[in-house]
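Please look over the model shown here before reading the notes that follow, which are grouped by topic.

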Amino acid sequence: VFSQLERETISQRVKDNMYALAENGYWLGGEAPTGFRSQHKSFIDTSGNTRTYSILSPIESEINLVKLIYSQYLKLGSLSKVEKYMLSNNIKTKNGKDWAKSTLKGILSSAAYVRADDTTTNFLKKTSILIFGSPDSIHGLLNYRKRMGKNGKLRTADKWIFALSSHEGIIAADMWLRVQYQLEKNKVKAPALGSSHTALLTGLIRCEKCNSCMRVAYSRKLLNNNQKMFYYMCSMKHNSGKTRC
């Protein structure tokens, strides 16, 4: 019983310490967002103990990549078209992989890139998000408590914490907000995807040439019974506008 109590006490102390770091906008670990690297700092507290924390520092080449993604999204208007642009021009992620819509959306919706001002925080407060720090149109925001655990279930937005960070933002607030409104607009317009019995092997079979998943496609010509001809197609070929694979 005492061992269990001690474990819970230690766990709570660690959690309280992480929340204190979060309120100050420090980076709590994990893979840094595209455009930044994690940099360790240390200081001596009032008790003479050495304390460490992490901040985000910029990587110029990756910052240009983030700016490109934002400008292309506002120009093209959809994640699919931006994905096609990145794939057809053979532009890779910072880890050397091909872009996917989910990765692009993560960058476009991240408040780490915005030079936060009052309009940014007002937009976030619409969903009852708790925000620490006063926006200055220079620094970005970091998001905490978004998931339950490292890869756990996504919490509701009213449980999230945003804090003004020590790193400078990349995207102007008005441009970032235009992107958020476009994402919301496209989310409403996106069709609901149901289950299909037409292509049971989608996601299971892969392209022999590039190892991408095969997806279902169909011909525009109708058969004699007015039905479409369905077939499997390389997802890389489809997503890149038939410029790759």
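Is Leu 74 buried, partly exposed or exposed? With a relative accessibility of 27%, Leu 74 counts as partly exposed, where buried means under 20% relative accessible area, exposed means over 50% and partly exposed lies in between (1.4 Å probe, protein chains only). This is a predicted model, in which local features need pLDDT of at least 70 and side-chain atom pairs count only at pLDDT 80 or more, while totals for chains, interfaces and linings use all residues. Residues are numbered from 1 along each chain as its sequence is written, and side-chain values use heavy atoms, with hydrogens and water left out.

**Surroundings of Leu 74**

- Leu 74 has its place in helix 2 (residues 60-76), helices being DSSP runs of H or I with at least four residues and strands DSSP runs of E with at least two, numbered from the N terminus.
- Leaving aside neighbours within four places in sequence, Leu 74 is in contact with Met 175, Arg 178 and Val 179, contact meaning heavy atoms within 4.5 Å.
- Between Leu 74 and Met 175 the C-alpha to C-alpha distance is 8.6 Å, although the two are 101 residues apart in sequence.

- Three strands form an open sheet in the order 3-5-4 with mixed pairing, two strands being paired if DSSP finds at least two bridges between them.
- Strand 3 (130-132) and strand 4 (139-144) are the edge strands, each pairing on one side only, and from one strand to the next the twist averages 35°.
- Five bridges join strand 4 and strand 5 (residues 161-168) in the antiparallel sense, and the bridge partner of His 139 in strand 5 is Glu 168.
- Across strand 3, strand 4 and strand 5 lies helix 5 (residues 118-125), which runs at about 150° to strand 3; axes are lines fitted to C-alpha atoms, for helices over the stretch in contact, and angles run from 0 to 180 degrees between N-to-C directions.

**Salt bridges**

- Four salt bridges are found in a search of the whole structure, each defined as a side-chain nitrogen of Lys or Arg within 4 Å of a carboxyl oxygen of Asp or Glu.
- The side chains of Glu 31 and Lys 94 meet in one of them at 3.7 Å, N to O, linking the loop between helix 1 (2-23) and strand 1 (36-44), which holds Glu 31, with the loop between helix 3 (79-88) and helix 4 (101-108), which holds Lys 94, 63 residues apart.
- Glu 31 counts as exposed because its relative accessibility is 56%, whereas Lys 94, at 29%, counts as partly exposed.
- Lys 101 and Glu 83 meet through their side chains at 3.4 Å, N to O; Lys 101 lies in helix 4 and Glu 83 in helix 3, so the pair ties together parts that are 18 residues apart in sequence.
- Glu 83 counts as buried at 5% relative accessibility, while Lys 101 is partly exposed with a relative accessible area of 34%.
- Asp 98 forms a salt bridge with Arg 244, with 2.9 Å between the closest N and O atoms, and this pair links the loop between helix 3 and helix 4 with the segment after helix 7 (235-239), 146 residues apart.
- Salt bridges that share partners join Lys 92, Asp 98 and Arg 244 into one network.
- Arg 244 counts as buried at 19% relative accessibility, and Asp 98 is partly exposed with a relative accessible area of 30%.
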